Amino acid sequence: MSTPMDTSSLPIKNKSNQLTSTLTTDYIVGSDLISIEGYRQDGRKPNELRHFRVSFNVVPDADGSCYMEHGNCKLLATIYGPYEGESRSNQEQAIITCDFSMTSYCVSERRLRTFGDMKSQRLQMAIQRVFQQAIITETYPKSQIDIYLKILQSDGNDYSPCVNATTLAFINAGIPMKDFVCSSTVGYIQNKCIIDLNQQEEQQKSPQLTLTIMPQRDDIVALTCESRVHHDIYNEMLDAATRANLQLFDLMKQAVINQLKTVLHVL
């Protein structure tokens, strides 16, 4: 997974053809991941999200926490803060930090994962940049907010589920945000855009695009494209990723509403 580039304050409406080329290529993978009937190997349609389930307040001593299952991806996002930072006398806004880790058994490949490897560091920096933009940090001058992310079971792209779980953990912590932050990955496989890639689909040598947005503000927060593609395909992938994020936004918003109803004992 590539670290998303910072495209802060870029409106979704002004989708310029970045990361594109004039090449026209039909991308074909070795095995058919989409059946003749139009179904993927896990039974989903190309525009269908994986199963999504959320639980809040799973870490009692944290200021906010969220356990998320997204397909076979299972992760825990925990928020601590805001609290007084060290040696930040001239700091006018809160500093966001992020710690990312994976359990040793969370991936199918049994390989050694060293603490602080480059992939983890890139993901941590990407998460920090995203939420430094999304949190109203000036509300908490001279303070620090820590994000702890732990992947319990991986199913391909880790970045997007981490962004979505962190958003819900911040909401659970009651920390003011400019908007929800939603992220999803789209692939172009067998000449079709498929959203919300699982591990098998992500491992294919096909173009992939990851989009992170604030949906109600109509802003792109971060964007990466894994390949050089024709601008028509690029725009098709970008549109598909936007639609996927709007679906995720509805699911995340409903999860927050359900949690509020539980807390307030509203039927």
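**View 1. Asp196 and the loop that holds it.** Asp196 is buried, with a relative accessible area of 6%, where buried means under 20% relative accessible area, exposed over 50% and partly exposed in between, using a 1.4 Å probe and protein chains only. Asp196 sits in the loop between β9 and α3 (199-202), and its phi is positive, at about 55°, although Asp196 is not a glycine. Helices (H or I, at least four residues) and strands (E, at least two) are DSSP runs, numbered from the N terminus. The model shown in every view is predicted, so that local features need pLDDT of at least 70 and side-chain atom pairs count only at pLDDT 80 or more, while totals for chains, interfaces and linings use all residues. Residues are numbered from 1 along each chain as its sequence is written, and side-chain values use heavy atoms, with hydrogens and water left out.

**View 2. Other backbone features.** Gln190 has a positive phi of about 50° although it is not a glycine, and Gln190 belongs to the loop between β8 (182-189) and β9 (192-195). The peptide bond from Gly81 to Pro82 is cis, with omega near 0°, and Pro82 is part of strand β5 (residues 73-84).

**View 3. The whole protein, for orientation.** The protein has 4 helices and 12 strands, and buried residues make up 51% of its 267 residues. Among contacts in the protein with a separation of 6 or more, 74% come from residues 24 or more positions apart, contact meaning heavy atoms within 4.5 Å.

**View 4. Cys66 in strand β4.** Cys66 lies in strand β4 (residues 64-70) and counts as buried, at 0% relative accessibility. Leaving aside its neighbours within four places in sequence, Cys66 is in contact with Val54, Ser55, Phe56, Val58, Leu75, Leu76, Ala77, Ala165, Leu168 and Ala169. Cys66 and Asn164 are 98 residues apart in sequence, while their C-alpha atoms are 9.8 Å apart in space.

**View 5. The nonpolar cores.** A nonpolar core is a set of buried Ala, Val, Leu, Ile, Met, Phe, Trp, Tyr and Cys residues joined through side-chain atoms within 4.5 Å. The largest such core has 64 residues, and those with the most contacts inside it are Ile127, Phe131, Ile147, Leu168, Phe170 and Leu209. The largest share of this core, 12 residues, comes from α4. A second, separate core of 5 residues includes Leu33, Ile34, Ile189 and Ile194. Again leaving aside neighbours within four places in sequence, Leu168 is in contact with Phe52, Val54, Phe56, Cys66, Met68, Phe180, Met252 and Val256.

View 6. Helix α2 has 15 residues and reaches 21 Å from its first C-alpha to its last, close to the 21 Å expected at 1.5 Å a residue, the expected span of a helix being 1.5 Å times one less than its number of residues. Of the 15 residues of α2, 13 are buried, so α2 is largely enclosed by the rest of the structure. Gly174, which follows α2, has a positive phi, near 75°. Two packed helices are described by the angle between their axes and the distance between the axes. The axes of helix α1 (residues 118-134) and α2 come within 11 Å and cross at roughly 45°, which makes α1 oblique to α2. Axes are lines fitted to C-alpha atoms, for helices over the stretch in contact, and angles run from 0 to 180 degrees between N-to-C directions; those under 35 degrees count as roughly parallel, over 145 as roughly antiparallel, 65 to 115 as roughly perpendicular and the rest as oblique. The contact is made by Leu123, Ala126, Ile127, Val130 and Phe131 of α1 and by Tyr159, Cys162, Val163, Thr166, Thr167 and Phe170 of α2.

**View 7. Helix α4 alongside α2.** The 34 residues of helix α4 (residues 231-264) should span 50 Å at 1.5 Å a residue, and the end C-alpha atoms of α4 are 49 Å apart, which agrees. The axes of α2 (residues 159-173) and α4 come within 11 Å and cross at roughly 30°, which makes α2 roughly parallel to α4. Asn164, Thr167, Leu168, Ile171 and Asn172 in α2 meet Leu248, Met252, Val256 and Gln259 in α4. His265 follows α4 and has a positive phi, near 55°.
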